[in-house]
Amino acid sequence: MVWRRLDDVPEAPLPWLLAVARNVVGTEWRGAARRERLWLKAQSWHVERCEPGEPEIVDGRVSGALAVLKERDREALTLVAWDGLTPAQAAAAFGEPAARFRQRLHRAGRRLRAELTAELGREEAAAPGHDHAPTGGPA
């Protein structure tokens, strides 16, 4: 900062001072973003070590559908759904604007739903003795 470099201050100090201030603010913003990403990464350790608790996770449907998605889609969904981050916090972890992240999250959710629907359809088709005949009528 300025007091450390008083000998370097030029005759017209205002442009030089503004450049120093811009650099200090930029360094602080980058450092804050880096600390936020590190904190979010530290908080997401349990995604990789997830203890299955819900039936969808136990039988592998959700994890199977997630495995098919692109890594960025998978990460967006798990940061919000499993880690409990807000979209704004997850956007900071991604290093992108919140509006763009919300769009990514929406599209990733659509892809996950489509994959889950397809996976359920494949399971039903593969079930032994499964027919599509109506039931419940008089015998």
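Colleague: Which side chain does the side chain of Glu96 make a polar contact with?

Modeller: That would be Arg104: the two side chains make a polar contact at 3.1 Å. Keep in mind that this is a predicted model.

Colleague: Thanks. Where is the place of Glu96?

Modeller: Glu96 is in a loop, the one between helix 6 (87-94) and helix 7 (98-126).

Colleague: And is Glu96 buried or exposed?

Modeller: Glu96 counts as buried, because its relative accessibility is 11% and the cut-off for buried is under 20%.

Colleague: Which residues does Glu96 touch, not counting those up to four places away in sequence?

Modeller: Glu96 touches Arg72, Ala91, Phe101 and Arg104 on that count.

Colleague: OK, and which residues are buried in helix 6 itself?

Modeller: Ala90, Ala91, Ala93 and Phe94 are buried there. Looking down the axis of helix 6, those buried residues fall within an arc of 155°, so they line one face of the helix.

Colleague: Handy. At what angle do helix 5 and helix 6 pack?

Modeller: The angle is about 140°, and their axes are 9 Å apart. Helix 5 and helix 6 are therefore oblique to each other, and their crossing is right-handed. On the helix 5 side the contact is made by Arg72, Glu75, Ala76, Leu79 and Val80. Helix 6 brings Pro87, Ala90, Ala93 and Phe94 to that contact.

Colleague: I also noticed Thr78. Where is its place?

Modeller: Thr78 is in helix 5, which covers residues 71-81. Thr78 is buried, with a relative accessible area of 9%.

Colleague: What lies 3.2 Å from a polar atom of the Thr78 side chain?

Modeller: The backbone oxygen of Glu75 does. Further along the chain, Leu105 is 27 residues from Thr78, and their C-alpha atoms are separated by 9.9 Å.

Colleague: Changing topic: at roughly what angle do the axes of helix 4 and helix 7 cross?

Modeller: Helix 4 (residues 61-68) crosses helix 7 at roughly 120°, and the axes come within 9 Å. That angle makes helix 4 oblique to helix 7. This crossing is right-handed. Helix 4 makes the contact through Arg61, Val62, Gly64, Ala65, Leu66 and Val68. On helix 7, Leu112, Glu115, Leu116, Glu119, Leu120 and Glu123 take part.

Colleague: Which residues of helix 4 are buried?

Modeller: Val62, Ala65 and Leu66 are the buried residues of helix 4. They cover an arc of only 100° around the axis, which puts them on the same side of helix 4. On the other side of helix 4, Ala67 and Val68 are exposed.

Colleague: Last bit, the whole protein. How many helices and strands are there?

Modeller: There are 7 helices and 0 strands, giving the pattern α-α-α-α-α-α-α along the sequence.

Colleague: And what percentage of the residues count as buried?

Modeller: Of the 139 residues, 22% count as buried. As for contacts with a separation of 6 or more, residues 24 or more positions apart account for 51% of them.

Technical notes:
Residues numbered from 1 in each chain as written. Predicted model: local features only at pLDDT ≥ 70, side-chain atom pairs only at ≥ 80, totals over all residues. Heavy atoms only, no water. Helix = DSSP H or I, 4+ residues; strand = E, 2+ residues; numbered from the N terminus. Buried < 20%, exposed > 50% of the residue type's maximum accessible area, 1.4 Å probe, protein only. Polar contact = N/O pair within 3.5 Å; in protein donor to acceptor, adjacent residues only side chain to side chain. Contact = heavy atoms within 4.5 Å. Arc of directions from axis to C-beta. Axes fitted to C-alpha atoms, helices over the stretch in contact; angles between N-to-C directions. Parallel < 35°, antiparallel > 145°, perpendicular 65-115°, else oblique. Left-handed = near helix turned anticlockwise from the far one by under 90°.
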